[in-house]
Amino acid sequence: MDKADTHPGAPAIGIEGLRKSFGDLEVLGGIDLTVARGEVVCVIGPSGSGKSTLLRCVNMLEEPSAGRISVAGAEVTDPDVDIDRVRRRIGMVFQSFNLFPHLTALDNLTIAQRRVLGRSRPEAEKVARANLVRVGLTDKEASYPAQLSGGQQQRVAIARALSMEPELMLFDEPTSALDPELVGDVLAVMRQLADEGMTMLVVTHEMSFAREVADRVVFMDEGAVVEQGAPEQVIGNPQHRRTRVFLARVLDPAAAEVGEL
Ligand SMILES: Nc1ncnc2c1ncn2[C@@H]1O[C@H](COP(=O)(O)OP(=O)(O)OP(=O)(O)O)[C@@H](O)[C@H]1O
Ligand SMILES: [Mg+2]
């Protein structure tokens with residue numbers, strides 16, 4: 001059995017004692033977090049608290065300073081693991097879309113399928129078209145990213161990730177670069193994915209999405225998990241002062257400034 005193989009009983013993501021420093025700056029100070037298969041976990045917290053770094057460690061875009069991370073039982077922090085094989089199982093969607101500007105929407109969806117999975121062009125296009133339908137962009141396959149709205153570009157980015165048939169998806173503030181009127185379409189696609197049973201780890205400032213869609217909300221501050229639980233608990237009835245201060249700022253910026261807390 002290869003170290004990159006999936007273990008049927010293992011959680012989708014297992015994180016133990018994760019630490020990450022950049023030089024002298026400790027950004028993650030020991031994170032323990034498990035995401036079950038099919039679970040939707042939303043990570044919330046102030047800017048600079050380490051949310052993106054946590055996500056980036058899961059697929060080893062950042063190398064942890066200490067700790068262990070496994071994805072479906074394959075330990076990504078094991079230096080001997082074939083990390084590219086594990087990464088193929090993980091879809092990642094960034095704030096800034098990261099589409100290839102010189103490729104059409106369709107080609108953005110087929111390139112990795114062909115290069116990484118070895119699919120033929122017709123096979124890759126079939127999968128790509130099915131995923132463009134899934135995100136509501138049937139008529140945009142010939143458009144270049146610059147010809148699409150931010151919300152459409154982000155849905156292309158989601159369809160691109162889905163075309164690799166990932167076992168889990170990581171989202172890093174997928175709607176925070178969008179104009180408010182474009183946010184809803186992207187969240188609707190994410191909600192649909194959650195309903196279909198996709199395992200999702202989502203960094204977001206969209207509290208209503210977290211409330212409705214997340215199975216669990218994790219509040220991070222200063223590189224640590226401060227509290228976690230059901231959304232109605234963490235967002236509706238937070239136990240820690242830091243969580244209350246953060247939520248007050250996000251949900252009602254004006255009130256937080258006059259110091260109602
Ligand atoms: N490559 C890097 N080199 C040095 N410092 C970094 C690097 N990446 C992140 N940091 C620092 O690590 C800390 C955590 O950053 P991170 O991007 O994980 O925070 P975040 O919670 O995602 O914040 P935001 O909500 O603003 O996206 C910040 O202080 C940031 O400046
Ligand atoms: Mg971030």
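Trainee: Which residues of α4 are buried?

Mentor: Please keep in mind throughout that this is a predicted model. A residue is called buried when its relative accessible area is under 20% and exposed when that area is over 50%. In α4, the buried residues are Ala124, Glu125, Val127, Ala128, Asn131 and Leu132. Seen down the axis of α4, these buried residues fall within an arc of 165 degrees, so they line one face of the helix.

Trainee: Which exposed residues does the face of α4 turned away from the buried side carry?

Mentor: That face carries Pro122, Lys126 and Val133, which are exposed. As for its length, α4 runs over residues 121-134, and its 14 residues reach 20 Å from the first C-alpha to the last, close to the 20 Å expected at 1.5 Å a residue.

Trainee: What surrounds ligand 1?

Mentor: To read a ligand site, list the shell of residues around the ligand, then look at the contacts. Around ligand 1 the shell holds Phe22, Leu25, Val27, Pro46, Ser47, Gly48, Ser49, Gly50, Lys51, Ser52, Thr53 and Glu173. By kind, these residues divide into four nonpolar, six polar and two charged.

Trainee: Which polar side-chain atoms lie at what distance from an oxygen atom of ligand 1?

Mentor: A polar side-chain atom of Ser47 lies 2.6 Å from a ligand oxygen, one of Ser52 lies 2.8 Å from a ligand oxygen, and one of Glu173 lies 3.3 Å from a ligand oxygen. Taken alone, ligand 1 exposes 640 Å², of which the protein buries 59%. The elements that give two or more residues to this shell are β2 (25-35) and α1 (51-58), and α1 gives the most, with three residues.

Trainee: Where should I look for a positive phi in a residue other than glycine?

Mentor: Phe97 has a phi near 65 degrees, although it is not a glycine, and it is found in the loop between β6 (90-93) and α3 (105-117). With a relative accessibility of 12%, Phe97 counts as buried. Ala72, not a glycine either, has a positive phi of about 50 degrees and lies in the loop between β4 (66-71) and β5 (74-75).

Trainee: Is Ala72 buried or exposed?

Mentor: Ala72 is buried, and its relative accessible area is 1%.

Methods: Residues numbered from 1 in each chain as written. Chains lettered and ligands numbered in written order. Predicted model: local features only at pLDDT ≥ 70, side-chain atom pairs only at ≥ 80, totals over all residues. Heavy atoms only, no water. Near = heavy atom within 4 Å. Polar contact = N/O pair within 3.5 Å; in protein donor to acceptor, adjacent residues only side chain to side chain. Areas by Shrake-Rupley, 256 points an atom, 1.4 Å probe, with all protein chains shown as cover. Helix = DSSP H or I, 4+ residues; strand = E, 2+ residues; numbered from the N terminus. Nonpolar A, V, L, I, M, F, W, Y, C, P; charged D, E, K, R; others polar. Expected span 1.5 Å × (residues − 1). Buried < 20%, exposed > 50% of the residue type's maximum accessible area, 1.4 Å probe, protein only. Arc of directions from axis to C-beta.
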